[in-house]
Amino acid sequence: MKQHPQFMDHILCLLTSSVSESLLRPLLRYVDRAPVGTTFGDVLQPANPKYRVGEVVEVTFVGANPKNSAENRTHQTFLTVEKYEATSATWQIMHNDASWETRFYWHKGLLGHSNATIQWHIPDTAQPGTYRIRYFGHNRKQNSPKPAVILSFESTPSTFDIVTTW
């Protein structure tokens, strides 16, 4: 049987990288790290102060792997869109991650860093008023040789208004 040396190096390289990756994947996959000077849930891109019906609110946070939240069901959602009710001085949940109008995007970065972007496509039914978007997550922390610890966090950035006119 004739061997093709140009393919043997490539196959050996693939096998070596696959073995290394499979050994490192459990260590790197779940550990989350916030960039220096930040904590999980810090706002990287805030909402604008005002929006109108039909526009899209977008907020980006220092995030963590959503798999951590799926494994630890402390919160039932990744996000909420809440409206302030002045008469009762309370925040009412209007939407969550199961709503058609919301989007949750997780952007995996290098070395355990990641961002979470939440969008709310403001529906025609939205009433004027003061709103906020909340982000709920869990970050996995590991200090070898100790077992990993999952810590919950939440973030409530500044509010924004839905207006009918500018």
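**View 1**
Arg 134 is buried, because its relative accessible area is 16%, where buried means under 20% relative accessible area, exposed over 50% and partly exposed in between, computed with a 1.4 Å probe and protein chains only. The model is a predicted one, in which local features need pLDDT of at least 70 and side-chain atom pairs count only at pLDDT 80 or more, while totals for chains, interfaces and linings use all residues. Residues are numbered from 1 along each chain as its sequence is written, and side-chain values use heavy atoms, with hydrogens and water left out. Arg 134 is placed in strand β8, residues 129-141; helices (H or I, at least four residues) and strands (E, at least two) are DSSP runs numbered from the N terminus. The side chain of Arg 134 makes a polar contact of 3.3 Å with the side chain of Glu 82 and another, of 3.2 Å, with the side chain of Thr 156. A polar contact is a pair of N or O atoms within 3.5 Å, and within protein one must be able to donate a hydrogen and the other to accept it, with residues adjacent in sequence counting only if both atoms are side-chain atoms. When neighbours within four places in sequence are left aside, the residues in contact with Arg 134 include Phe 78, Leu 79, Ile 118 and Glu 154, contact meaning heavy atoms within 4.5 Å.

**View 2. Arg 132, also in strand β8.**
Arg 132 has its place in strand β8 and is buried, with a relative accessible area of 14%. Its side chain makes a polar contact of 2.6 Å with the side chain of Glu 82, the residue whose side chain also joins that of Arg 134. The C-alpha atoms of Arg 132 and Lys 83 are separated by 6.7 Å, although these residues lie 49 residues apart along the chain. Beyond its neighbours within four places in sequence, Arg 132 is in contact with residues including Thr 80, Val 81, Trp 91, Pro 157 and Phe 160.

**View 3. The hairpin of strands β6 and β7.**
Strand β6 (residues 102-108) runs antiparallel to strand β7 (residues 114-121), and 7 bridges join them; two strands pair if DSSP finds at least two bridges between them. The two strands form a hairpin with 5 residues between them, and in the turn Leu 111 has a positive phi of about 60°. Thr 102 stands opposite Trp 120 of β7.

**View 4. Trp 120 and the largest nonpolar core.**
Trp 120, found in strand β7, counts as buried at 1% relative accessibility. The largest nonpolar core has 21 residues, and those with the most contacts inside it are Val 57, Trp 120, Ile 133 and Phe 160; a nonpolar core is a set of buried Ala, Val, Leu, Ile, Met, Phe, Trp, Tyr and Cys residues joined through side-chain atoms within 4.5 Å. Two or more residues of this core come from each of the elements β3 (56-62), β4 (79-85), β7, β8 and β10 (160-162), and β3 gives the most, with 4 residues. Trp 120 and His 95 are 25 residues apart in sequence and 8.8 Å apart in space, C-alpha to C-alpha. Among the residues that Trp 120 touches, not counting those up to four places away in sequence, are Val 57, Val 81, His 95, Ile 133 and Phe 160.

**View 5. Aromatic pairs, with Tyr 51 and Phe 160 as one of them.**
A search of the whole structure finds 10 aromatic pairs, where rings of Phe, Tyr and Trp (its six-membered ring) pair if their centres lie within 6.5 Å, with planes under 30 degrees apart counted as stacked, over 60 as edge-to-face and the rest as tilted. The ring centres of Tyr 51 and Phe 160 are 5.5 Å apart and their planes stand at 80°, so the pair is edge-to-face. Because Tyr 51 lies in strand β2 (residues 50-51) and Phe 160 in strand β10, the pair ties together parts that are 109 residues apart in sequence. Tyr 51 is buried at a relative accessible area of 4%, and Phe 160 counts as buried at 2%.

**View 6**
The rings of Phe 104 and Tyr 135 have their centres 6.0 Å apart and their planes at 40°, so the pair is tilted. This pair links distant parts of the chain, with Phe 104 in strand β6 and Tyr 135 in strand β8, 31 residues apart. Phe 104 counts as partly exposed at 23% relative accessibility, whereas Tyr 135 counts as buried at 1%. Ring pairs link Phe 40, Phe 61, Phe 78, Phe 104, Tyr 135 and Phe 153 into a cluster.
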